[in-house]
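Here is a friendly walk through this model, meant to be read with the structure open beside you. Take your time and turn the view as you go.

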Number of protein chains: 2
Amino acid sequence: MKIIDTHFRPSAVAGVRLFEVRHVLDEARGHLSVIDFQEVLPFQPQRCFITYSIPSNQTRGEHAHKECAQFLLSVSGHCHVKVDDGTRQEEFLLDRPTLGLYVPPWVWASEYRHSHDSALMVFASHPYDAGDYIRSYPEFVSQAARRRAKPSLHA
Amino acid sequence: MKIIDTHFRPSAVAGVRLFEVRHVLDEARGHLSVIDFQEVLPFQPQRCFITYSIPSNQTRGEHAHKECAQFLLSVSGHCHVKVDDGTRQEEFLLDRPTLGLYVPPWVWASEYRHSHDSALMVFASHPYDAGDYIRSYPEFVSQAARRRAKPSLHA
């Protein structure tokens, strides 16, 4: 039996972090991943959703949030996630139930190339609010640039 | 596209409920299950854990909690769950990411016959506390009987 503790590494994209969450590997009895919300997440989740049976040619996400932060973890199979803060991009492969991606607001995220058995779990800091979404990429880039230019307005 | 709203049915076992959580079935784009914690859960989750790669001959769980409530959802594959309040038992097959089982404290629960691709997600109402577990079944039956006999002591 092997216990690996939670640790993370930052990304080139503003505020994004890739977590290895605490997990217990036990070939005889089976494996266990643990997410202690207060310890791992910079927010208290209000909601969780799971996407599954996503055709491999489909892209999900393709939006940013103004306030809602998210934490993504692939519980089965794998998928790719691209994050983008308007100036820098980074791509991650989420391929195991121990690897979580924290995506803060004001980061554009897309999920794609899902394996046939992919199930992606997403924790969200806010209840669903259609008004919190930015669904146009040019609009996101433009608004993100304005935020960077005048950060004091968005403190 | 088909949207199914959250609904649940009670169990014969005290306080246990089986939920069909809100989900969107979309063959073209992929499916989505949503758990709005405040709406679905009788608690605010503090923690989540995922069990996976459980050999089919292994049984997990086999304990009750004194305070911690849990919500189980099979995100991949399937497993069986038996719940027991000390007098009545019921068995459930959790076989899809839309079917959640609420297990209150003072219910003994065991998970077994996991499929090779099973990933079971469990939300917990409390942080981990070794002192909250009852791991002896005879002790559980005895304590649960005392609680039923003198419910006023445990209000």
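In this predicted model, chain B holds an open sheet of five strands, in the order β10-β9-β12-β7-β14 with antiparallel pairing. Its edge strands are β10 (89-94) and β14 (133-134) of chain B, each of which pairs on one side only.

Now switch to chain A. Strand β10 (residues 89-94) of chain A contains A:Glu90. The side chain of A:Glu90 reaches the backbone nitrogen of A:Ala12 at 2.9 Å. Apart from its neighbours within four places in sequence, A:Glu90 is in contact with A:Arg9, A:Ser11, A:Ala12 and A:Val13, and also with A:Val81, A:Lys82 and A:Val83.

A second residue of chain A to visit is A:His63, found in strand β7 (residues 60-65) of chain A. Is A:His63 buried or exposed? A:His63 counts as buried because its relative accessible area is 14%, under the 20% limit. A polar atom of its side chain lies 3.1 Å from the backbone oxygen of A:Gly61, and the side chain of A:His63 also makes a polar contact with the side chain of A:His65 at 3.3 Å. Leaving aside neighbours within four places in sequence, A:His63 is in contact with A:Val107, A:Trp108, A:Ala109, A:Tyr133, A:Ile134 and A:Arg135.

Back in chain B, helix α2 (residues 137-149) includes B:Ala144. With 4% relative accessibility, B:Ala144 counts as buried. Not counting residues up to four places away in sequence, B:Ala144 touches B:Asp85 and B:Trp106. The C-alpha atoms of B:Ala144 and B:Asp85 are separated by 7.3 Å, although the two residues are 59 residues apart along the chain.

What about the cysteines? A disulfide is a covalent bond between the sulfur atoms of two cysteines. A search of the whole structure finds zero disulfides over all chains. B:Cys48 is in none, and the nearest cysteine sulfur, in A:Cys48, is 7.0 Å away. The sulfur of B:Cys79 is too far for a bond, because the closest cysteine sulfur, in B:Cys48, is 14 Å from it. Both residues are buried: B:Cys48 has a relative accessible area of 0%, and B:Cys79 also has 0%.

The table gathers the accessibility values for the residues discussed here, along with B:Ser53, which comes up again below.

| Residue | Relative accessible area | Class |
|---|---|---|
| A:His63 | 14% | buried |
| B:Cys48 | 0% | buried |
| B:Cys79 | 0% | buried |
| B:Ala144 | 4% | buried |
| B:Ser53 | 39% | partly exposed |

Next, a word on backbone angles. Most residues other than glycine have a negative phi, and most peptide bonds are trans. B:Ser53 has a positive phi of about 50° although it is not a glycine. B:Ser53 lies in the loop between β6 (47-52) and β7 (60-65) of chain B. Phi is also positive in B:Arg113, near 50°, and this residue is found in the loop between β12 and β13 (119-124) of chain B.

Finally, how do the two chains relate to each other? Chain A is superposed on chain B by a rotation of 180° with 0.0 Å of shift along its axis, at an RMSD of 0.0 Å. That is the relation of a two-fold axis. The C-alpha of chain A nearest the axis is that of A:Ser76, 3.2 Å from it.

The contact takes 37 residues from chain A and 37 residues from chain B. Between them, the chains bury about 3,100 Å², 55% of it on carbon and sulfur atoms. On the chain A side, A:Arg29, A:Ile50 and A:Tyr52 lose the most area to chain B, together 22% of what that side buries. The copies meet through the same surface, because 100% of the interface residues of chain A are also interface residues in chain B.

Note on methods:
Residues are numbered from 1 along each chain as its sequence is written. Chains are lettered from A and ligands numbered from 1 in the order in which they are written. This is a predicted model: local features need pLDDT of at least 70, side-chain atom pairs count only at pLDDT 80 or more; totals for chains, interfaces and linings use all residues. Side-chain values use heavy atoms; hydrogens and water are left out. Helices (H or I, at least four residues) and strands (E, at least two) are DSSP runs, numbered from the N terminus. A polar contact is a pair of N or O atoms within 3.5 Å; within protein, one must be able to donate a hydrogen and the other to accept it, and residues adjacent in sequence count only if both atoms are side-chain atoms. Contact means heavy atoms within 4.5 Å. Two strands pair if DSSP finds at least two bridges between them. A disulfide is a pair of cysteine sulfur atoms within 2.5 Å. Buried means under 20% relative accessible area, exposed over 50%, partly exposed in between (1.4 Å probe, protein chains only). Copies are superposed by least squares on the C-alpha atoms of residues with pLDDT of at least 70 in both. Buried area is the accessible area (1.4 Å probe) that two parts lose on being put together, summed over both.
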